[in-house]
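The structure comes first, and the notes on it follow by topic.

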Amino acid sequence: AAKGSGPNSWRGYDPRLRAELARAAARRSGLDRALAEGSFELYYQPIVWLDDGDIGGFEALVRWPQPDGTIIMPDDFIPLAEATGQILPLGRWILRTATEQAARWNEARLAAGVAPVKISVNVSAHQLRDPGFPDEVGKALTDAGLDPAFLMVEATESALIDRAGQALANLRTLTQHGVGVSLDDFGTGYSSLSYLRDLPVSALKIDKAFVDGVPAEPRQTALVKGIIGIAKSLTLMVVAEGVETREQRRALQNMGADLGQGYLYARPMPVREASELMRAGRVKLPREAKTGADSA
Ligand code: C2E
Ligand code: MG
Ligand code: MG
Ligand code: MG
């Protein structure tokens, strides 16, 4: 945009910027409306034991369904909600909905004599830095009747960059109460190793960007192997994100990863399908196109 003469004169000059601002403003008020009307939905993606295909838990992933039947994905509204602070009420709804659902599932599983599942909930920087966050989590668990041991909070490294240290203090409080912490998208952020050293982390999720190269790319595979080695020596659980092929599953298992999540097993799905999948017990891998070569 060309600068004009007056102090604010550039403002009206860039139609693209104006359109973008207008879109953001519309989406922001759309978010407010959706919060008031309760029109968000949680999808659930299974997190599966690599060795036997048993379901260890689910990750809750938020969706914003639209009147026309399309769905707005989290990457297209979470950053905005984060910037405006709307993530606080949205995050509260997500936490309460996910813990209530997990409590319902585990009640049914207990009655059926099968092991409970864990629910993983993503939390963003804003939530993590809110001094009221641990209390909010505690209240959600109590109201839902869910044992803290079955909640995993997923935080990215970038969400933990916080000079005041409130995020860290919050995570410590949560782990003291038995809530698990997963380091999400591991390997894509900064100073990963110092986070591993300083944080009360119980699981590490290796980012899809690394998993993609397993086992075809030797350097990538070597990195993943190293990450798993470090995690295991710190007694962390290792979850591989974005597992899409049987070759990946087998290689990751051989390298010592515990759990996997990805399209090989299942895409994120609405609650009813997730309940059905769970009743089936374990996740069946899709039949192979050709036989012989791959015995995974
Ligand atoms: P994430 O926490 O790393 O979640 C994993 C993302 O990878 C999900 O995308 C999931 O659908 C996708 N994924 C899983 N397996 C595969 C695979 O095999 N192949 C491919 N290509 N993708 C796979 P989604 O649902 O679009 O979420 C994107 C990101 O948005 C999440 O990344 C998370 O950072 C954020 N997000 C989602 N739900 C929430 C939420 O409830 N609260 C907050 N604060 N953030 C959320
Ligand atoms: Mg996550
Ligand atoms: Mg992730
Ligand atoms: Mg990711």
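**Metal sites and overall fold**

Glu59 counts as buried, at 4% relative accessibility; buried means under 20% relative accessible area, exposed over 50%, and partly exposed in between (1.4 Å probe, protein chains only). The model is predicted: local features need pLDDT of at least 70, side-chain atom pairs count only at pLDDT 80 or more, and totals for chains, interfaces and linings use all residues. Residues are numbered from 1 along each chain as its sequence is written, chains are lettered from A and ligands numbered from 1 in the order in which they are written, and side-chain values use heavy atoms, with hydrogens and water left out.

**The magnesium ion (ligand 2)**

- Glu59 (OE), Asn122 (OD1), Glu154 (OE) and Asp184 (OD) coordinate the magnesium ion (ligand 2), at 2.0 to 2.2 Å.
- Donors are N, O and S atoms within 2.8 Å of the metal (3.2 Å for Na, K and Ca); water is not among the atoms, so sites may look incomplete.
- Along the chain, the donors of the magnesium ion (ligand 2) have the spacing E-x62-N-x31-E-x29-D.
- Distant parts of the chain are linked by the pair Glu59, in strand β2 (residues 55–65), and Asp184, in strand β6, which are 125 residues apart.
- Helices (H or I, at least four residues) and strands (E, at least two) are DSSP runs, numbered from the N terminus.

- The magnesium ion (ligand 3) is coordinated at 1.9 to 2.7 Å by Asp184 (OD), Asp185 (OD), Glu241 (OE) and Glu241 (OE).
- The spacing of the donors of the magnesium ion (ligand 3) along the chain is D-D-x55-E.
- Asp184 lies in strand β6 (residues 180–186) and Glu241 in strand β8 (residues 237–241), so this pair ties together parts that are 57 residues apart in sequence.
- Asp184 bridges the magnesium ion (ligand 3) and the magnesium ion (ligand 2), and the two ions lie 3.8 Å apart.
- Asp184 is buried, with a relative accessible area of 5%, and Glu241 is also buried, with a value of 11%.
- Asp185 is partly exposed, with a relative accessible area of 26%.

**Backbone features**

- Asp185, which lies in strand β6, has a positive phi of about 55 degrees although it is not a glycine.
- Thr235 likewise is not a glycine and has a positive phi of about 55 degrees.
- Thr235 is placed in the loop between α9 and β8 and is exposed, with a relative accessible area of 68%.
- Val214 and Pro215 are joined by a cis peptide bond, with omega about -5 degrees.
- Pro215 has its place in the loop between α8 (208–211) and α9 (218–233).

**Overall fold and surface**

- The protein chain has 11 helices and 9 strands.
- For 296 residues, a compact globule would have a radius of gyration near 19 Å, and the protein chain has 21 Å, which agrees; the radius is taken over C-alpha atoms, and the globule rule is 2.2 Å times the number of residues to the power 0.38.
- The C-alpha trace of the protein chain spans about 70 × 45 × 45 Å along its principal axes.
- Of the 296 residues of the protein chain, 45% count as buried.
- Contacts (heavy atoms within 4.5 Å) between residues at least 6 apart in sequence join residues at least 24 apart in 66% of cases.
- The protein chain has 34 positive and 37 negative side chains, and the centres of the two sets lie 2 Å apart.
- Lys and Arg count as positive and Asp and Glu as negative, while His and the chain ends are not counted; the place of a charge is taken as NZ of Lys, CZ of Arg, CG of Asp or CD of Glu.

**Selected helix positions**

- Ala169, in helix α6 (residues 166–176), is partly exposed, with a relative accessible area of 35%.
- Ala169 and Pro134 are 35 residues apart in sequence, and C-alpha to C-alpha they are 9.4 Å apart in space.
- Thr142, in helix α5 (residues 133–144), counts as exposed at 61% relative accessibility.
- Between Thr142 and Met278 there are 136 residues of separation in sequence and 24 Å in space, C-alpha to C-alpha.
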